[in-house]
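Trainee: I would like a close look at one part of this protein. Please take me through it step by step.

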Amino acid sequence: MHNKLKTIRRKTIIVTQIVFMICTLSVSVAQNTQTDTSIIPFASNRIDTSSMQNADSLNRAIDTLTLNPNDDRNALYNDTLNPNDDTTALYNDTLNPNGDTTALYNDTLLLNNDTTIFNDTAAHVWRISPSAITSVIDYTAEDSVAFELDSSTVHLYNNVVLNYEDINLTSYYVKVNFAKNELYATGDADSNGTLHGQPVFKQGSYEVKSHELTYNFESKKGLIHNVITQEGESYLHGELVKKNPDNSSFIRRGKYTTCNLESPHFEISFGKAKVIPNDKIVTGPIFLRVASIPLVPFPLGFFPHSDKHRNGIILPKFGQSVNTGPYLDGIGYYFAIKEKVDFTILATIYMRGAFGARISSNYVKRYKFNGNYNLEYIFTPIGEKTTEQHNVSHDIKIYWQHQQDRKAHPTNSFSANINFQTQSFSKNTVGKSINDYTQSQAMSVVNFSTMFKGKYSLGVNAELSQNLIQGNLDMRLPQINFGVSQFYPLRRKQVVGKLRWYENISLQYTLDVQNTINTYDSMLIKHFNHAFDNFRSGMSHYIPLRSTIKILKHINWQNSVELRETWQIKGVKQYWGDYDTIRNTNVQRDTVFRFYPAHDLSISSNLSTTLYGMYIMKKGKVYAFRHTLIPAIGFTYRPGINKKVLYDSYYDSIRGRDVQYSYIDGLLYSAPAYKSSGKVNFSINNKLEMKVRSKKEGETFKKVVLLENLTISSGYDFLADSFRWDPLNLSGRTTLFKQINLSFSLTFDPYIIGDDGYKKHKFEIKEHGRLFRLSSTRGDLSFGYNINKDLFRKKDDKEKERKATTGFNDWNISVSYVLGYNMNDNTNYYRNYQFSDTLIPKYTHRVDHSLNINGSVSLTPRWNLRFQSGYNFTQKTIVPTEFHVERDLHCWIISFNWIPFGAYRSFEIGIRAKASILQDAKYDQRKELRD
């Protein structure tokens, strides 16, 4: 009878010999009657198998019993008269001395110093068998554990977990024969014949799942029936598997697949094979089967069977192009250098003479850095060689990403993110996505920074900004920054009490060195040496001295003295000459190489404070309105100290006046003001909010922002000869309904515009009776919204829907709308309106607005649709549109990608295995517009 008991795990080692002895003695006392099987009514234990003996050994041990109760070896457990034994012996002793102390403790035979017992050569010595298991077997079972004494066998039932050295076994039923050192495990079949609790055997990295298995502890060999073993993403099936001591195995009638089903969708079947763990699988003749139908036979099979890097050939993708003919894309070789660096060399071969090459690598050094790079070159002949349209295109792409680990160095840091490609690279490359085709900007940055002594910092950068549509480049190579952190030269080393006003004076220093160029990628590649002649180089020194003082606890008084000095070694001299048809001007320019220092000194003082106002409503849903007002006024003085060094003039014969210009106009650093300036600036910032009574439990009020910012600003220059008033600027921004972002700005000019289209030193109020003239307007409106299934459901329904697995399981649609509006003065209106019969608008208007939509829809748990599209209302064109449909075939994926119209119209159909180990097992068919 097996009583189901809860598993109880004991941490102490119980020698199995104790159990056998107790059971045997209890039977022998009861008139020497023996039974074949003894059921132990507990389900969890640990067995020290080094003391396991057969039944004959136990009987011989009983014959040599001693009566010494102090002997903690054999006598203690085998003496039926031992008063300290609280098991069966105590109750079966006919001389039970309960209450009679003389019987045991005064027994003259109990001699502690009796050496005869231990030196008696006639006494049998119990020794461990050489073939016995020497390690502890730790086990648990939910049902029961049964011992067979005659055969030295243990039976364990229901959810058995057994651990022996590095072996772990789980199964419904396990039988351990200690006499033969064998283990047998199998599952349990229900009334329908379905097997449950199949054995799962693990030894180190070796793991198998089978219907039944036999294992020998001594030889470490095993025989496994109907086995399924997993190695990474691969599954290996075998009808009969023989396991060797080195964990290699032989398989009879097996199959290899990446499908995790017991009856896989596809397989490579074989009659026999040898598996070397973490190395390879070698088989005899094999068949490729799909849905159990044999398709393609092969004389033998060889499969990598390792989680380490492996060198090998990369299979290409076949394609057809009208311009370049048939091609092989991505044929190459992969090889790894240990575990830190790998290389991939690929080639694209076109049958009509074009070709491409690519080298890529990944590298990593633990706790130091990691990164990858990709170098590509494409040679594309266009047109027939005998025609005038024949041309050759050389395109390159350089990609490098490097990241330093944070643990590498406490102060030094190096990173790189380079993405450079020629303008026509994507157009001449097959297999690119619509995002690659429509990419308009590319940015590359290499940065090194360090800090020393806690206050000095040094940074060296190289930057490249690339416009892929126009092909122009903006390069900074290099840019060096050196700085001294902000410090307080007048502050005491040990501050006691409050800081004095002069102790808040701070000082800082920044050095900036730049070397920049603006050119085109074709110029940089074809005329590399001449391109560097257009570099603009310079150096800037910046020293700010600042102080902040509190006045009456609420007014901030900020004072600063800022000195900026720039050095440049190249300038431009301008003069009035003959009309230049290329530049469409009479102004001629010559480059002059000499040292041009520029000094810019600025002294400023600013006052600002914050005011709050609140208006509380007595009734209604709105509780109160809150207005935050930040007024500021300041004065800035900038002396003109560069007249003789940086400025010159030429006479404009058309306008009839002298024109002042600077030698460094349009170069790296702009020129400081020609004349002294003393300007008063004022501004008012506003923020408007309201509090609304909330209906939610636990919330009293809810804050709503009506206007995030509204700024009014202007200025007046006391030292200017003319146009002392700055235009009045009005700008603001806010967010409506948490989805609509709105920003705007208006510029009002107090001066008129003359008939020649230039501003005149006359006020609008004197000429037209108004304070200001609207000179420009800018407005931006953006709207973004996500629509999904949760939007139309209540909270309870959302939780239920998340658990559903059929129908439209998940979908999300994102809609965005962008509107930009610009309006500026039209100078042609003032010049020609009185002479022209056609209507000339007073302002130039430009409106840019577009609607974009993208999303994903899971039609079923295995069907997925992704799309992106939109419409540009200004250009009246549909933005690049793409549809992607994907079907999950469990262990395979079939996909369809479609760009229905536009310059990049194409479609692609592909089917591939999901497992990365079979990444080359795929089929792709692509058709492009140029095909």
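Is Phe723 buried, partly exposed or exposed?

Mentor: This is a predicted model, so keep that in mind throughout. Phe723 counts as partly exposed, because its relative accessibility is 31%, and the buried class needs a value under 20%. Now find its place. Phe723 sits in the loop between S41 and S42. Look at its backbone next. Phi of Phe723 is near 50°, which is positive, and the residue is not a glycine. Most residues other than glycine have a negative phi.

The side chain of Asp726 forms a salt bridge with that of Lys679, at 3.1 Å from N to O.

Glu708 and Arg733 join their side chains in a salt bridge, 3.6 Å from N to O. Glu708 is in strand S41 and Arg733 is in strand S42. They are 25 residues apart, and this pair also links distant parts of the chain. Glu708 counts as partly exposed, at 30% relative accessibility. Arg733 is partly exposed as well, at 45%.

Step back for a moment. The whole structure holds 21 salt bridges. One of them joins the side chains of Arg546 and Glu562, at 3.9 Å from N to O. Arg546 lies in strand S33 (residues 536–551) and Glu562 in strand S34 (residues 555–580), so the pair ties together parts that are 16 residues apart in sequence. Arg546 is partly exposed, with a relative accessible area of 31%. Glu562 is partly exposed too, at 24% relative accessibility. Elsewhere, salt bridges form a network: it links Asp749, Lys759, Glu764, Arg770, Arg773 and Asp825.

Asn181 counts as buried, because its relative accessibility is 2%, and buried means under 20%. Another backbone feature is the peptide bond from Leu477 to Pro478. That bond is cis, with omega near -10°. Pro478 is placed in strand S31 (residues 472–487). Most peptide bonds are trans.

Finish with the nonpolar cores. In soluble globular proteins, nonpolar side chains tend to be buried together. The largest nonpolar core here has 35 residues. Those with the most contacts inside it include Leu156, Leu169, Leu183 and Leu213. Strand S5 (residues 153–164) gives the most to this core, with five residues. Apart from it lies another core, of 13 residues, including Val572, Tyr647, Tyr650 and Ile664. Now pick out Leu213. Beyond its neighbours within four places in sequence, Leu213 touches several residues, among them Leu169, Leu183, Pro199, Phe201 and Ile224.

Note on methods. Residues are numbered from 1 along each chain as its sequence is written. This is a predicted model: local features need pLDDT of at least 70, side-chain atom pairs count only at pLDDT 80 or more; totals for chains, interfaces and linings use all residues. Side-chain values use heavy atoms; hydrogens and water are left out. A nonpolar core is a set of buried Ala, Val, Leu, Ile, Met, Phe, Trp, Tyr and Cys residues joined through side-chain atoms within 4.5 Å. Buried means under 20% relative accessible area, exposed over 50%, partly exposed in between (1.4 Å probe, protein chains only). Helices (H or I, at least four residues) and strands (E, at least two) are DSSP runs, numbered from the N terminus. Contact means heavy atoms within 4.5 Å. A salt bridge is a side-chain nitrogen of Lys or Arg within 4 Å of a carboxyl oxygen of Asp or Glu.
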